[in-house]
Amino acid sequence: MDLHAQLEPLRPLIGTWRGAAFGRYPTITSFEYTEELTFTNVGKPFLAYEQRTWSLSGQAMHMETGYLRLPAPRIIEFTLAQPTGQTELAEGTMVMEGGELILAVRGKVMNTATAKIVEATEREYRLSGDRLTTSFAMAAVGQSMTNHLSSHLIRVSD
């Protein structure tokens with residue numbers, strides 16, 4: 001399937017990425033886990049996205065799905081749904097800096113009535129060759145914007 005021309009700058013992201021990750025937040029005990037991200041070409045002007053995580057013992061943890069769009073040069077839009085009761089609409093920029101592809105977005109969050117309250121998010125993805133690093137910050141449960149998750153992933157499939 002051909003990649004939509006609008007998405008050509010995102011071509012290096014397509015594939016599955018897996019690796020070690022670390023979580024922290026003022027209201028929880030820090031933890032290590034394994035993260036996997038998949039960006040899939042579906043022949044439309046967006047990439048499908050899936051994220052899954054596991055504890056070090058292999059127990060399933062968080063997951064989320066969504067779509068990544070590049071509606072104009074350097075403009076990124078990310079829509080995400082999470083089983084914990086949140087939807088996230090994130091917007092930001094895509095830049096190339098020193099051979100590194102950098103996506104940085106800020107998200108607005110809608111919460112279901114029973115979900116923990118997440119007010120806003122910030123995500124960054126840095127791709128250099130076959131290495132992808134991520135960071136995720138959030139303002140949630142009464143805390144100001146604070147780094148929550150980071151991962152160091154390598155490409156495991158195209």
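Predicted model: local features only at pLDDT ≥ 70, side-chain atom pairs only at ≥ 80, totals over all residues.
Close-up 1. Thr16 belongs to strand 1, residues 15-23, strands being DSSP runs of E with at least two residues, numbered from the N terminus. Setting aside residues up to four places away in sequence, Thr16 touches Glu36, Leu37 and Thr38 as well as Ile154, Arg155, Val156 and Ser157, a contact being heavy atoms within 4.5 Å. Residues are numbered from 1 along each chain as its sequence is written, and side-chain values use heavy atoms, with hydrogens and water left out. Local features need pLDDT of at least 70 and side-chain atom pairs count only at pLDDT 80 or more, whereas totals for chains, interfaces and linings use all residues.

**Close-up 2. Gly66 in strand 4.** Gly66 lies within strand 4, residues 60-72, and counts as buried because its relative accessibility is 6%. Not counting residues up to four places away in sequence, Gly66 touches Leu47, Ala48 and Tyr49, together with Thr79 and Leu80.

**Close-up 3. The largest nonpolar core and Phe39.** The largest nonpolar core has 24 residues, of which Leu10, Leu13, Phe39, Leu68 and Leu132 touch the most other members; such a core is a set of buried Ala, Val, Leu, Ile, Met, Phe, Trp, Tyr and Cys residues joined through side-chain atoms within 4.5 Å. Among the elements that give two or more residues to this core are strand 2 (31-44), strand 3 (46-55) and strand 5 (75-82). Leaving aside neighbours within four places in sequence, Phe39 is in contact with residues including Leu13, Trp17, Tyr49, Leu68, Phe78 and Leu132. Another core, of nine residues, lies apart from it, with Val109, Phe136, Met138 and Leu149 among them.

**Close-up 4. The lining of the largest pocket.** The largest pocket is lined by 31 residues, and the closest to its centre are His62, Phe136, Met138, His148 and Leu149; on a 1 Å grid over the protein atoms alone, a pocket is an open set of points where a 1.4 Å probe fits, with protein on both sides within 12 Å along at least five of seven lines, and lining residues have an atom within 4 Å of a point. Strand 9 supplies the largest share of this lining, five residues.

How values were computed:
Helix = DSSP H or I, 4+ residues; strand = E, 2+ residues; numbered from the N terminus. Buried < 20%, exposed > 50% of the residue type's maximum accessible area, 1.4 Å probe, protein only.
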